[in-house]
Structures are given as structure tokens and as C-alpha cells.
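Okay, everyone, thanks for coming.

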Number of protein chains: 2
Amino acid sequence: MERVGFIGLGIMGGGMARNLIDAGHDLIVWNRTAARMDPLVTAGAAASAAPAEVARDAGIVMICVSDTPDVVAVVHGPGRLLEGITPGTLVVDHSTISPAATERLAGAVAAAGGRWIDAPVSGGSEGADRGTLSIMIGGAAEDVARARPYLEAFGSTITHVGSVGDGQRVKIVNQILVVVNQLAASEALLFAQAAGLDLEATLDAVKGGAAGSWMLANRGPQMISRDWRPGFTIDLQQKDLRLALEAAEELLVPLTATAHIHHLYLALQRDGLGGEGNHALVKALERMTGIRLGDP
Amino acid sequence: MERVGFIGLGIMGGGMARNLIDAGHDLIVWNRTAARMDPLVTAGAAASAAPAEVARDAGIVMICVSDTPDVVAVVHGPGRLLEGITPGTLVVDHSTISPAATERLAGAVAAAGGRWIDAPVSGGSEGADRGTLSIMIGGAAEDVARARPYLEAFGSTITHVGSVGDGQRVKIVNQILVVVNQLAASEALLFAQAAGLDLEATLDAVKGGAAGSWMLANRGPQMISRDWRPGFTIDLQQKDLRLALEAAEELLVPLTATAHIHHLYLALQRDGLGGEGNHALVKALERMTGIRLGDP
């Protein structure tokens with residue numbers, strides 16, 4: 001087994017790193033806010049002073065930060081990852097970022113003798129904690145095979161989907177499905193409300209059949225009880241939709257539903273609701289229609 | 001056990017009636033096209049000459065036809081159902097029709113001493129054959145309880161959702177979810193195609209997680225292999241969307257996504273594709289974008 005580095009110990013990375021320790025792996029960690037390293041050090045990980053040190057010390061370096069500029073800031077600059085890459089270092093990027101930027105980052109790491117796979121995850125903080133994430137991976141088959149035993153510590157569905165960048169592209173497909181399925185749940189439940197239906201009975205009647213979706217089954221009950229706590233925040237959803245719409249521009253693919261939903265979420269961000277869960281999309285329809293879920 | 005009448009032996013009703021016989025119920029059937037009764041008579045059902053005869057002969061009369069005018073034509077007129085209703089006859093309408101018309105039909109049957117529950121189904125012809133339909137029921141609790149032992153012959157999820165008409169309203173909720181989830185699958189898979197992704201690997205990576213839906217899991221594989229055979233035809237889907245949009249007008253509920261999809265399907269009906277499955281929705285997006293699923 002190789003020593004594993006982990007960079008980015010936020011709400012996702014923290015749970016993933018913890019699962020690596022629990023699976024018995026030898027872990028060295030780094031986080032921009034150093035205090036976030038403490039609980040993992042207590043659990044047995046080594047702390048490091050800089051990404052370059054992680055790269056020098058570990059054969060496999062996982063990254064889990066928020067956005068494209070965050071990954072760029074981990075890789076490039078004094079004391080950053082690229083300075084510590086040695087021949088054969090494998091970088092595994094779990095962040096959800098631009099596919100085009102991913103190809104550039106992978107090229108820079110390859111020029112230093114390293115390897116790169118993009119491995120964005122789906123399943124939220126619950127998935128990270130429970131080790132049940134879906135991981136969609138782009139990269140060379142031998143690199144994916146090398147990473148797999150470590151990914152199994154926190155992923156229950158690990159799919160090699162193509163070459164470098166394709167993991168990010170499949171993550172975009174994933175996010176298009178998530179938000180349009182959420183639109184379906186929002187429009188359908190508002191109709192149910194306006195029709196005077198019992199919302200719980202309605203959910204029970206439809207969620208297990210041809211109308212079913214993960215979003216309806218998991219977020220539908222939250223919606224009808226007006227519980228807007230995030231599994232995944234609107235702000236992060238918008239970041240991912242921006243990646244989708246940028247890729248759509250590059251590829252000249254109209255994404256009319258996704259673009260529409262991005263702008264519905266903008267209306268909610270404008271009112272300071274970016275920290276609510278992505279199922280609060282229904283609030284944008286509530287404003288448009290004047291119908292309110294849960295009203296008698 | 002009561003004798004059961006069954007009116008309407010099409011692709012759905014035929015399978016449901018067969019399951020009633022297989023469960024040991026005493027069945028009397030009627031169908032507009034008389035030849036459709038033959039296989040059920042061979043299996044043990046009695047054939048009848050008119051709906052009124054079915055109503056005189058059976059305590060519970062199930063109807064499974066296509067649209068509102070079809071149910072009206074079964075109930076009203078010489079030799080029709082209303083002529084045979086006796087005190088306590090329970091009519092169970094499995095057709096998907098207008099909630100407002102349902103209330104009128106139920107009123108007419110009640111005036112003749114009968115009872116009515118609306119019990120539209122979801123799950124397609126496979127569900128009717130296998131006895132795994134979802135049944136969403138509007139009506140009085142005692143009528144639902146009386147029908148339940150018979151419904152269990154072909155339904156695996158039987159939900160009493162409210163009073164007369166509410167079964168039809170929940171079915172509308174169901175159909176909004178079905179078509180918007182189908183739009184999600186269509187937009188996402190076209191993006192995947194344009195991005196050069198392996199469509200099968202993409203489906204495998206996303207269908208089990210937060211992006212998952214019944215439509216994606218069941219129709220996604222058909223879409224990527226360009227198999228447009230219907231589980232549920234565009235023509236029937238459009239009939240149901242018309243019911244949704246009529247109800248939306250009555251209730252003053254904007255259904256912007258559903259209305260948009262109804263018009264996308266219209267473009268396909270215009271080209272004679274109404275007999276294809278509802279997952280052929282992606283063809284409307286293919287035309288708009290010039291991207292074609294399955295192209296190399």
C-alpha cells in the first residue's frame with residue numbers, strides 16, 4: 001500500500017479522509033485552514049506544511065476543494081503541488097471543476113513526471129461520511145486501477161468513464177439530471193398543492209413508480225415540510241451549473257432546461273438564499289405562481 | 001367474494017383482467033371490439049353483450065379505456081352502464097381521464113344508487129401483465145376497502161389519496177414527473193453525446209445516485225440504442241398532458257415545463273411519430289441541436 005496524501009478537508013474531503021484512515025491507510029493531509037487538520041491528526045494522520053510536502057511524501061495525492069481556481073491554487077505556485085511531484089506521483093482530483101482546465105492541469109503534472117485522474121464524486125456529505133459516494137473517473141486505465149483500492153474506502157460506485165476530463169464531463173451530465181429532476185419535483189408538487197391534494201399521500205403514491213427519482217424520494221419529503229437545510233447548497237449547485245453552461249458554450253450544445261433553472265436559482269441567490277438546499281428551487285416557482293407548498 | 005365486471009380489454013385492461021382470473025375471481029367482461037373478449041373467455045371469463053348487462057351481473061365494475069369521451073360512452077346511453085347500475089354497484093375507473101369529468105360521472109352513478117372510485121394506474125403494459133401496477137385512488141374509504149382485495153390481483157402499490165377525482169389529480173402529478181424527468185434524461189444524454197462520452201459508461205456512472213430516476217434507468221438504455229418501441233406511446237402521453245394542462249387552466253397553475261414538453265411532443269406527432277415511446281422526446285432536442293444520440 002502507498003502513502004496517501006489528502007488536500008482539502010472541507011465538508012466532503014473531511015469525511016473522505018476519515019474513511020481512508022478508518023480503512024487503515026497511511027495518510028498525510030494538508031488544508032488551507034490548518035485547524036481543520038486537527039481532528040484527522042488526532043485520528044492518526046500526519047499533518048503537513050504545504051502541498052509540495054504532501055506530494056514529496058505520498059505516492060497518491062487526492063484533492064477535494066471547491067472550484068477550478070481552488071485546484072489551480074493547490075497545483076501552481078511556490079510550495080504548491082507541482083514543486084513536489086516526483087516521477088510516478090498520481091494526483092486524484094475529487095473536486096468538481098472545468099473539464100478543459102482539468103486537461104491543462106493534467107498536462108502540467110505530466111510534464112513534471114506525474115499522473116492525473118479526475119474523479120468527481122456525487123452523494124453529498126452523507127455519502128462522504130458513510131463511504132457511499134459515486135465516483136466518476138477520467139484517466140488512464142492503469143492509473144484508475146492503482147487508485148481503486150484507496151477509492152473503495154469512501155466510494156460504493158466507482159466507474160471509469162473515459163480519459164482525463166471525462167470524469168468532469170460525466171459529473172456535468174449528473175448535475176443536469178439532478179436539477180431538471182428537481183424542477184420536475186417542484187412543478188409536480190406545486191400542482192398537487194394547487195389541486196388541494198394531500199402532499200404526503202401524493203408522494204407515497206407516485207415515488208415508487210415511473211415518476212420516481214432520487215430527488216423526489218429524498219428531497220420531496222423535505223420540500224413538503226419546508227425543510228430547506230442543504231444536502232447540497234444552491235451556491236454550490238450554481239457553481240456546477242456554471243461549469244455545465246461553460247462546457248455547453250464550448251461544445252455548442254443548447255441546454256435550455258439547465259440554463260432556465262440556473263436563472264431560477266439566480267433569483268433565489270439574489271435574495272440571499274444561496275445557503276439553502278438545491279430543493280429550494282420550488283421557491284422560485286412559488287414566487288412566480290403565488291402558490292405555496294404546505295398552505296392549507 | 002363478489003363477481004367482477006371488466007370493461008375495456010386493451011393493452012392495459014387485457015392484462016389486468018387476466019390477472020383477476022388468475023387470482024381466482026369470477027369475471028364478466030365486455031369490450032367494444034368483441035373479438036378481444038375471446039382469450040379471456042377461453043381463460044374462464046363470461047362474455048357480455050353490453051355494459052348495462054355487466055353492471056346488472058357484477059357487484060364491482062372496473063373500466064379501463066383510453067380517454068374521457070370513452071368513459072362517458074361506456075356510462076351514458078342505451079345499453080350502457082348507467083342502465084344496469086343497482087343499489088351498491090361499485091364502479092372502479094382505471095382510465096386516466098379528466099378529474100372534473102370524473103366528479104360528474106361519479107355524480108350520475110350515485111344518483112342511480114351506485115358508487116364510484118377513480119383508480120388510474122401507472123406502470124405500463126409490463127406492470128399490467130406482471131401485476132405490479134401502481135394504483136392511485138380517489139373515493140370514499142369504505143369503497144376503497146371493498147375494492148382492494150380485487151385490485152391486489154394486478155397492483156403492487158395501492159394508495160388511497162383522497163376523495164373522488166383525487167386519483168386522477170395524483171395521476172396528473174405522476175405524468176408531470178414522468179415527462180420532466182424524461183426531459184432531464186434527454187438534455188443530459190445529448191450533452192454527453194456532444195461531449196464525446198461513452199454513453200453506456202455515463203449511464204452506469206450516474207443512474208444509481210442523486211441523478212437517478214425510473215425514466216433514466218428504464219428508458220436511458222433504450223434511448224442510447226435508439227430503440228423507440230413504446231412502453232407508453234407519445235400519443236397517449238399527449239392525451240395525459242392535455243388533461244394536465246386543462247386542469248392547470250382550471251386551477252390557474254402555470255406548468256411551464258410541462259407545457260413546453262407538450263409542444264416538443266407536438267413536433268414529433270406532426271411528423272407521424274406519435275406511436276413511438278415517450279422517450280423519443282429526445283428526438284425533438286436532436287432536431288433543435290443537430291446532435292444525434294449514438295453518432296460516432
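This is a predicted model: local features need pLDDT of at least 70, side-chain atom pairs count only at pLDDT 80 or more; totals for chains, interfaces and linings use all residues.

Across all chains, the structure holds 30 salt bridges, and I've picked out a few.

Staying in chain B, have a look at Arg115(B) and Asp143(B). These two side chains also form a salt bridge, with an N to O distance of 2.8 Å. Arg115(B) is in strand 6 (residues 115-118) of chain B, while Asp143(B) is in helix 8 (residues 141-151) of chain B, so the pair ties together parts 28 residues apart in sequence. How do they sit relative to solvent? Asp143(B) is buried, because its relative accessible area is 5% and the cut-off is under 20%. Arg115(B), at 33% relative accessibility, counts as partly exposed.

Now over to chain A. Arg3(A) makes a salt bridge with Asp57(A), and the closest N and O atoms are 2.1 Å apart. This one links distant parts of the chain: Arg3(A) belongs to the segment before strand 1 (4-7) of chain A, and Asp57(A) to helix 3 (residues 51-57) of chain A, 54 residues apart. Both partners count as partly exposed, with Arg3(A) at 24% relative accessibility and Asp57(A) at 36%.

I want to show you the second largest pocket, which has about 990 Å³ of space. Which residues lie nearest its centre? They are Ile11(A), Met12(A), Val65(A), Ser66(A) and Leu236(A), out of 46 lining residues. By class, that lining splits into 18 nonpolar, 19 polar and 9 charged residues.

And where does the lining come from? Several elements of chain A each supply at least two residues, among them helix 4 (68-75), helix 9 (166-194) and helix 12 (234-251). Strand 7 (121-122) of chain A is also one of the contributors. In domain terms, domain 1 (4-163) and domain 2 (169-289) of chain A each give the lining at least three residues.

That's my tour, so over to you for comments.

Note on methods
Residues are numbered from 1 along each chain as its sequence is written. Chains are lettered from A and ligands numbered from 1 in the order in which they are written. Side-chain values use heavy atoms; hydrogens and water are left out. A salt bridge is a side-chain nitrogen of Lys or Arg within 4 Å of a carboxyl oxygen of Asp or Glu. Helices (H or I, at least four residues) and strands (E, at least two) are DSSP runs, numbered from the N terminus. Buried means under 20% relative accessible area, exposed over 50%, partly exposed in between (1.4 Å probe, protein chains only). On a 1 Å grid over the protein atoms alone, a cavity is a set of points where a 1.4 Å probe fits but cannot get out, and a pocket is an open set with protein on both sides within 12 Å along at least five of seven lines; lining residues have an atom within 4 Å of a point. Grid points are joined across faces, edges and corners, and a volume is the space filled by probe spheres set on the points. Ala, Val, Leu, Ile, Met, Phe, Trp, Tyr, Cys and Pro count as nonpolar, Asp, Glu, Lys and Arg as charged, and the others, Gly among them, as polar. Domain bounds come from an automatic or database domain assignment.
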